[in-house]
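Please read these points with the structure open beside you.

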Amino acid sequence: MQSSKRRLILAASVLGLGFSALARAHGEEGHPKKAGPVRKEQKDWGIAGEARAVRRTIDVRMADDMRFSPDRIDARRGETLRFRVQNSGKQMHEFVIGTRAENAKHAELMVKFPNMEHDEPYMAHVPPGKTGEIVWTFNRTGTFEFACLIAGHYQAGMVGTINVSA
Ligand SMILES: [Cu+2]
């Protein structure tokens, strides 16, 4: 277990992904959020947001047909959104914000290591019947993606678009 975990961390770092918080496993029930401050790191697609800055909440539904609803979200640069992500399916799903390139790379890794543990402020892992939440500030313009990176789901088209305009 110890050495397999080390291999996963190694694989993640070889691929240049920032899995600094290898804390929880996919498929685990609950995924309680850790107490304490959210780690804030500027990403190409924004930065972890403050709940008090939220002016708009977006409800997103995930289902076993491997689709998000809505699958297109528009935001303005500087806007902090709360995503309330409901899993209406019978299997685990997740909502991960990123660039297309980042998500594609990460999705590939998830196929190789389906039980890879990952958790970042731009991800919500949501067990069946549950609702997860993320608060994210879009401080860069561009076209980004939200995706379920669980092995096979991304490949089945479980992807949406976030467009951030100036
Ligand atoms: Cu999924």
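Leaving aside its neighbours within four places in sequence, which residues is E145 in contact with? Point 4 takes this up.

1. Basis of the model. This is a predicted model, in which local features need pLDDT of at least 70 and side-chain atom pairs count only at pLDDT 80 or more, while totals for chains, interfaces and linings use all residues. Residues are numbered from 1 along each chain as its sequence is written, and side-chain values use heavy atoms, with hydrogens and water left out.

2. Confidence. The pLDDT is the predictor's confidence in each residue, from 0 to 100. Its mean over the chain is 85, and 77% of the residues reach 70 or more. Residues 1-6 have a pLDDT below 50, and this stretch has 2 contacts in the model beyond near neighbours in sequence; a contact means heavy atoms within 4.5 Å. Residues 9-31 also have a pLDDT below 50, with 51 contacts in the model beyond near neighbours in sequence. Where pLDDT is low, the predicted coordinates should not be read in detail.

3. Overall layout. The chain has 2 helices and 10 strands. Both kinds of element are DSSP runs numbered from the N terminus: helices are H or I runs of at least four residues, and strands are E runs of at least two. From the N terminus on, the order is α-β-β-β-β-β-β-α-β-β-β-β. Of the 166 residues, 48% count as buried; buried means under 20% relative accessible area, exposed over 50%, and partly exposed in between, with a 1.4 Å probe and protein chains only. Among contacts between residues at least 6 apart in sequence, 77% join residues at least 24 apart.

4. E145. This residue is found in strand β9 (residues 142-147). E145 counts as buried because its relative accessible area is 3%. Leaving aside neighbours within four places in sequence, E145 is in contact with V96, I97, G98, T99, R100, N103, Y154, V159, G160 and I162. With two of these residues, N103 and Y154, the side chain of E145 makes side-chain polar contacts, at 3.2 Å to N103 and at 3.3 Å to Y154. A polar contact is a pair of N or O atoms within 3.5 Å; within protein, one must be able to donate a hydrogen and the other to accept it, and residues adjacent in sequence count only if both atoms are side-chain atoms.

5. The nonpolar core. A nonpolar core is a set of buried Ala, Val, Leu, Ile, Met, Phe, Trp, Tyr and Cys residues joined through side-chain atoms within 4.5 Å. The largest one has 37 residues, of which F83, F95, I97, F138 and I162 touch the most other members. Not counting residues up to four places away in sequence, I97 touches W45, F83, N103, Y122, I134, W136, F138, E145, F146 and I162. In soluble globular proteins, nonpolar side chains tend to be buried together.

6. W136 is found in strand β8 (residues 131-138) and is buried, with a relative accessible area of 1%. The side chain of W136 reaches the backbone oxygen of W45 at 2.9 Å. I73 is found in strand β4 and is buried at 3% relative accessibility. The C-alpha atoms of I73 and V164 are separated by 8.6 Å, although the two residues are 91 apart along the chain.

7. The copper site. Which residues coordinate the copper ion? They are H93 (ND1), C148 (SG), H153 (ND1) and M158 (SD), at 2.0 to 2.8 Å. Donors are N, O and S atoms within 2.8 Å of the metal (3.2 Å for Na, K and Ca); water is not among the atoms, so sites may look incomplete. Along the chain, the donors follow the spacing H-x54-C-x4-H-x4-M. H93 in strand β6 (residues 93-98) and H153 in the loop between β9 and β10 (159-165) link distant parts of the chain, 60 residues apart. H93 is buried, with a relative accessible area of 0%, and H153 counts as buried at 5%.

8. Backbone details. The peptide bond from S69 to P70 is cis, with omega near 0°. P70 is found in the loop between β3 (67-69) and β4 (72-76). M66, a residue other than glycine, has a positive phi near 65°, and its place is in the loop between β2 (56-63) and β3. Most residues other than glycine have a negative phi, and most peptide bonds are trans.
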